[in-house]
Amino acid sequence: MNTSQAIASGQAPGKIILFGEHAVVYGRPAIAAPVHQLRAYAAVFEDGECVVEAPDIGRRIRVEEATRDDPLAQAVRLVCSQVGRPLPRWRVVVRSQIPVASGLGSGAAVAAAMARALLAAFGVEWPPDRVSALVYEVEKMHHGSPSGVDNTVVVYGRPVWFVRGRPPEPFAVGAPLHLLMADTGIASPTRVAVGDVRAAWQADPARFEALFDRIGDLVAQARGWIEAGETAAMGGAMDENQALLNEIGVGSTELDRLCEAARKAGALGAKLSGGGRGGNMIALVQPESRERVEQALLAAGARQVVMTQVPPSTPDWS
Ligand code: PMV
């Protein structure tokens, strides 16, 4: 066990996508929110060499020797090259409460926590857009051409309206959103789902562009409902988004079973969140239906159910 004092530390939350995953890769908007209950942490310690330790996944990586496709080593290299410093003799210890390959943004949150810890250890302050751009570079290693929504929401740490290639827009939440996140227990790498959607889009671009347009329109409508605090209407939009995600081929029987169970138990709406196929789904509940929906999700096979809340906020980044 390490008893020495950390030089610096950093952290970042997980995330859920409320609306618009996959279509966001093709330029349509998405709405995402941080999940503050599930976080990634990084701490920097003096050491004899530059290493990253991730005890949760049993990894110890000597950064100098790591291959270019190792996202943890690459996060360290990117920070060092961008601040113009050689690899330091530091040990970066990473811990995360966010399950991997489950649509909750674990890769982005780990990279953001590491970047923040390293920047603090170097005594360098970066604005969020710069941290987000660095995390995006690491995200590319997870799945080729990410939209940028994950790095944006975990770095800004608040709900975002996101369109690829544009800065995130300030976005108000009119009433608290109570959401249950239920894990199918099926690990589903985003890279695979995103790759399959790309192949399907290439095979039939007209059909997929039309589906992405329908998702984009729904996301725009949902934004209005979220801003106005119209949660029931928002729930209906989640169900529609789920139907469209099934049409683009990223649903699964397990996700459908959980969504159906949640709706039957009184959820206002339910959909997958993130890459799909497996991973997590989200259900919008009211405080009075929460317990019932949680039990129904567990009875329908959810491995774990976590409650999160998106608090009301104003369209103001400060
Ligand atoms: O599975 P996650 O948490 O990485 O979410 C991916 C969201 C997608 O829209 C499917 C991909 C992307 O790059 O936006």
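Me: At what angle do helix 1 and helix 2 pack?
Reply: This is a predicted model. Helix 1 covers residues 71-83 and helix 2 covers residues 106-122. Their axes lie 10 Å apart. The packing angle is about 40°.

Me: Is helix 1 roughly parallel or oblique to helix 2?
Reply: The two helices pack at about 40°. Roughly parallel would need an angle under 35 degrees. That makes helix 1, relative to helix 2, oblique.

Me: Which residues of helix 2 does helix 1 meet?
Reply: Helix 1 passes helix 2 in a right-handed crossing. From helix 1 come Leu72, Ala75, Val76, Val79, Cys80 and Val83. In helix 2 they meet Val110, Met114, Ala115, Leu118, Leu119 and Phe122.

Me: Does Gln74 count as buried or exposed?
Reply: Gln74 sits in helix 1. Buried means under 20% relative accessible area. Gln74 has 13% relative accessibility, so it counts as buried.

Me: Leaving aside neighbours within four places in sequence, which residues is Gln74 in contact with?
Reply: Gln74 belongs to helix 1. With those sequence neighbours set aside, its contacts are Arg68 and Met141.

Me: Why are the buried residues of helix 5 on the same side?
Reply: The buried residues of helix 5 are Ala193, Val194 and Val197. They share one side of helix 5 because around the axis they cover an arc of only 95°.

Me: Which residues are exposed on the other side of helix 5?
Reply: Helix 5 runs over residues 190-203. Cover for its buried residues includes helix 3 (128-143) and helix 6 (205-228). On the other side, the exposed residues are Gln202 and Ala203.

Conventions
Residues numbered from 1 in each chain as written. Predicted model: local features only at pLDDT ≥ 70, side-chain atom pairs only at ≥ 80, totals over all residues. Heavy atoms only, no water. Helix = DSSP H or I, 4+ residues; strand = E, 2+ residues; numbered from the N terminus. Expected span 1.5 Å × (residues − 1). Buried < 20%, exposed > 50% of the residue type's maximum accessible area, 1.4 Å probe, protein only. Arc of directions from axis to C-beta. Contact = heavy atoms within 4.5 Å. Axes fitted to C-alpha atoms, helices over the stretch in contact; angles between N-to-C directions. Parallel < 35°, antiparallel > 145°, perpendicular 65-115°, else oblique. Left-handed = near helix turned anticlockwise from the far one by under 90°.
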